[in-house]
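Take a moment to look over the sequence and the 3D structure shown here. Then let us walk through a few of its parts together.

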Amino acid sequence: MSDAFDGVRDHYRATGLTERLKAVLTALGPEDQRLTPRQLSTLDQFHTRGLSATAELAKLAGIIADMSVLDVGSGVGGPARFLAATYGCRVAGVDLSEPFVDAARYLTGRTGQGGQVSFEIASALELPFEDGHFDVVLLQHVAMNISDRARLYREIRRVLKSGGKFATFDVVLNGGEPHYPVPWARTPATSFLLTAVATREAVEPAGFRTLAWQDDTEAAKAWIAQLRASGPPPSPNLGVVMGQDFAELAANLRRNLVEGRLGILTAVFEAISVDS
Ligand SMILES: C[S@@+](CC[C@H](N)C(=O)[O-])C[C@H]1O[C@@H](n2cnc3c(N)ncnc32)[C@H](O)[C@@H]1O
């Protein structure tokens, strides 16, 4: 069936991903050896500033044990495994890409977190959960693949409890058209960037109040500069996930940040009732 997301699925098709991950992970020990989420962090945090960004966002969102957390566009599941291991919360992830969800389930088996962390194939615009189910929803480097932002943020609000937190960390349009390909889109056809201000204007009417608002662009640029200076590995090894051309996609992201075309936004919102 073809829909608005065919191009996005194609970008994240990652053929043979689980087999590639299995092969790479033999370096860490035999298949039956349990791994920690931290050991996987160069492979499974698919956003700028990697694990540190997830850790900072979780702190800003006030995640604690006993919470139920949803990671929308959960990729290969690194953020979800890290949150569960660090805070003891339950985490559900949804992602449009079947190979990514397969890989997320495999990696979660390797960390032994299957009782606490789960993944489903689903669209961010049709979340397979009842109203008011979650304490926190995370959205990291996903919104730029979604054109219908009003629906995205309404759907996130729907599954949050009143008073729950929506924590987002995303690429935003800054001062000009980006150079493509970039890590989330090989052409502009699957890239739907908004400015930081337009993002806020799309989020708040869905039933949110802004709690935290940070421009993370300088930190992202510093992180990329540091990675370039330190070279491969242990820098992020996302070529295993995205394929041979990942270095070119990442280089364009850097160029777009340095030239001021794109920025990075961190924001946390509180779910309010729409008439309050
Ligand atoms: C750059 S990756 C980020 C993955 C993860 N959030 C992380 O930070 O590690 C973007 C992810 O968003 C997913 N995605 C894009 N559009 C989506 C949609 N409409 N519904 C669900 N997932 C989507 C992609 O399949 C991909 O896994």
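## A guided look at the model

R49 is found in the loop between α3 (41-44) and α4 (50-61). Please keep in mind that the model you see is predicted. R49 has a positive phi of about 65°, even though it is not a glycine. Is R49 buried or exposed? With a relative accessible area of 9%, R49 is buried.

Now follow the chain to the loop between α4 and β1, where you will find D66. D66 is another residue other than glycine with a positive phi, in this case near 75°. D66 is exposed, as its relative accessible area is 66%.

**The ligand and its surroundings**

How many residues surround the ligand? There are 23 of them, and the closest are F46, H47, G73, D95 and A124.

| Residue | Protein atom | Ligand atom | Distance |
|---|---|---|---|
| H47 | side-chain N or O | oxygen | 2.6 Å |
| D95 | polar side-chain atom | oxygen | 2.6 Å |
| L96 | polar backbone atom | nitrogen | 3.2 Å |

On its own, the ligand has 600 Å² of accessible area, and the protein covers 99% of that.

**Helix α7 and the end of β5**

Helix α7 spans residues 149-159, and its buried residues are R149, L152, Y153, E155, I156, R157 and V159. What do these buried residues pack against? Their partners are the strands β1 (68-72), β4 (134-140), β5, β6 (208-215) and β7, together with the helix α8 (196-203).

L173 has a relative accessible area of 23%, so it counts as partly exposed, the class between under 20% and over 50%. Leaving aside residues up to four places away in sequence, L173 touches P178, L193, L194, T195, A196, R261 and L262. Among these, L193 is 20 residues from L173 along the chain, yet 5.6 Å separates their C-alpha atoms.

Beyond β5, look for P181 in the loop between β5 and α8. The peptide bond that joins Y180 and P181 is cis, with an omega of about 0°.

**Helix α11**

Which residues of α11 are buried? They are F246, L249, N252, L253, N256 and L257.

What covers the buried residues of α11? The cover includes the helices α1 (6-11), α9 (217-230) and α10 (239-242), and also the strand β7 (262-271). Just after α11 comes G260, which takes a positive phi of about 75°.

Key. Residues are numbered from 1 along each chain as its sequence is written. This is a predicted model: local features need pLDDT of at least 70, side-chain atom pairs count only at pLDDT 80 or more; totals for chains, interfaces and linings use all residues. Side-chain values use heavy atoms; hydrogens and water are left out. Buried means under 20% relative accessible area, exposed over 50%, partly exposed in between (1.4 Å probe, protein chains only). Helices (H or I, at least four residues) and strands (E, at least two) are DSSP runs, numbered from the N terminus. Contact means heavy atoms within 4.5 Å. A residue is near a molecule or strand if one of its heavy atoms lies within 4 Å of it. A polar contact is a pair of N or O atoms within 3.5 Å; within protein, one must be able to donate a hydrogen and the other to accept it, and residues adjacent in sequence count only if both atoms are side-chain atoms. Accessible areas come from the Shrake-Rupley method with a 1.4 Å probe; for residues, only the protein chains shown count as cover.
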